[in-house]
Each structure stands twice: as C-alpha cells, then as structure tokens.
Amino acid sequence: MLTSVDADVIRVLGDPLRLHIVTLLARETLCTTHLVEETGAKQTNLSNHMKVLREAGLVETEPCGRFTYYKLRPEVLASVSQQFAELAASARTAGDNKRAC
C-alpha cells in the first residue's frame, strides 16, 4: 500500500524539471551552479524546485563554502519502487479475483 509519503514523492516527480534534476543527481552530486548549467533553468526557479525535492526527502544538501551541493537519497526512490513492485505483483493475480455483483 502506498503511503502518503510515497504519494508525495510521486507527485513531486511528476514535474518534468524535477524528474530531470533527480536523473542528474542519480549520476553525481551537483551544486546549484551545475544544475543551472545542466537544466537551463533560472537559478531562482531551480532553487524553488530544490526546496520541493528537499521537503519530499528526495535530496539532501551539503554546504561547501559558498556553494550548496545536492545529493540524491536513493533509499527514498527504492522505497517507492518497492511499493510499485508490490502493486505490480498484486495486479498479476488480481485478474483471477473477480468480485461478484
């Protein structure tokens, strides 16, 4: 069963830019400057998206001088992935279950 936390993560990843950011962070830890360069987003827009990703628990920050680095929290994605895997397994057998009217 998907929890409200899982549903929030799914909602957050529904935005194309945030999904792109998560994809980039799956490859390496990046600072705001790198993310602006990679996505083409304006810094203020990117910062707002990063706030949403942090609040959903998908990324964590690492201050480094005057820069902030962002790192993906893979355990959060793994948890949501596991929930979808369980739903898929349940759906495989659901075709045999039919409730009578």
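How many salt bridges does the count come to in this structure? The count comes to five salt bridges, and several of them are visited at the end of this tour. The model on the screen is predicted.

**Stop 1: confidence**

Colour the protein chain by pLDDT. The chain has a mean pLDDT of 91, and 98% of its residues reach 70 or more. Next, select residues 4-13 and then residues 16-25. The former are helix 1, which has the lowest mean pLDDT among the elements of the chain, 85; the latter are helix 2, which has the highest, 97.

**Stop 2**

In general, the strands of a sheet pair through backbone hydrogen bonds.

Now keep strand 2 and strand 3 (residues 67-72) on display. Six bridges join this antiparallel pair.

**Stop 3: the nonpolar core**

Show the side chains of Ile-21, Leu-25, Leu-35, Met-50, Leu-53, Leu-58 and Val-59. These residues have the most contacts inside the largest nonpolar core, which has 21 residues. At least two core residues come from each of helix 1, helix 2, helix 4, strand 3 and helix 5 (74-94). Helix 2 gives the most, with five residues.

Centre the view on Ile-21. Which residues does Ile-21 touch, not counting residues up to four places away in sequence? They are Leu-35, Thr-39, Leu-46, His-49, Met-50 and Leu-53.

**Stop 4: a network of salt bridges**

Select Glu-60 and Lys-71. Their side chains meet in a salt bridge, with an N to O distance of 3.4 Å. Lys-71 lies in strand 3 and Glu-60 in strand 2, so the pair ties together parts that are eleven residues apart in sequence. Lys-71 is partly exposed, with a relative accessible area of 34%. Glu-60 is also partly exposed, with a relative accessible area of 34%.

The side chain of Arg-73 meets that of Glu-60 in a salt bridge of 3.8 Å, N to O. Because Arg-73 lies in the loop between strand 3 and helix 5 while Glu-60 lies in strand 2, this pair ties together parts that are 13 residues apart in sequence. Arg-73 counts as partly exposed, at 26% relative accessibility.

Finally, select Glu-75. Arg-73 forms a salt bridge with Glu-75, and their closest N and O atoms are 3.0 Å apart. Glu-75 is partly exposed, with a relative accessible area of 43%. Through shared partners, the salt bridges join Glu-60, Lys-71, Arg-73 and Glu-75 into one network.

Key. Residues numbered from 1 in each chain as written. Predicted model: local features only at pLDDT ≥ 70, side-chain atom pairs only at ≥ 80, totals over all residues. Heavy atoms only, no water. Pairing = 2+ DSSP bridges. Helix = DSSP H or I, 4+ residues; strand = E, 2+ residues; numbered from the N terminus. pLDDT = per-residue confidence, 0-100. Core = buried A, V, L, I, M, F, W, Y, C linked by side-chain atoms within 4.5 Å. Buried < 20%, exposed > 50% of the residue type's maximum accessible area, 1.4 Å probe, protein only. Contact = heavy atoms within 4.5 Å. Salt bridge = Lys/Arg side-chain N within 4 Å of Asp/Glu carboxyl O.
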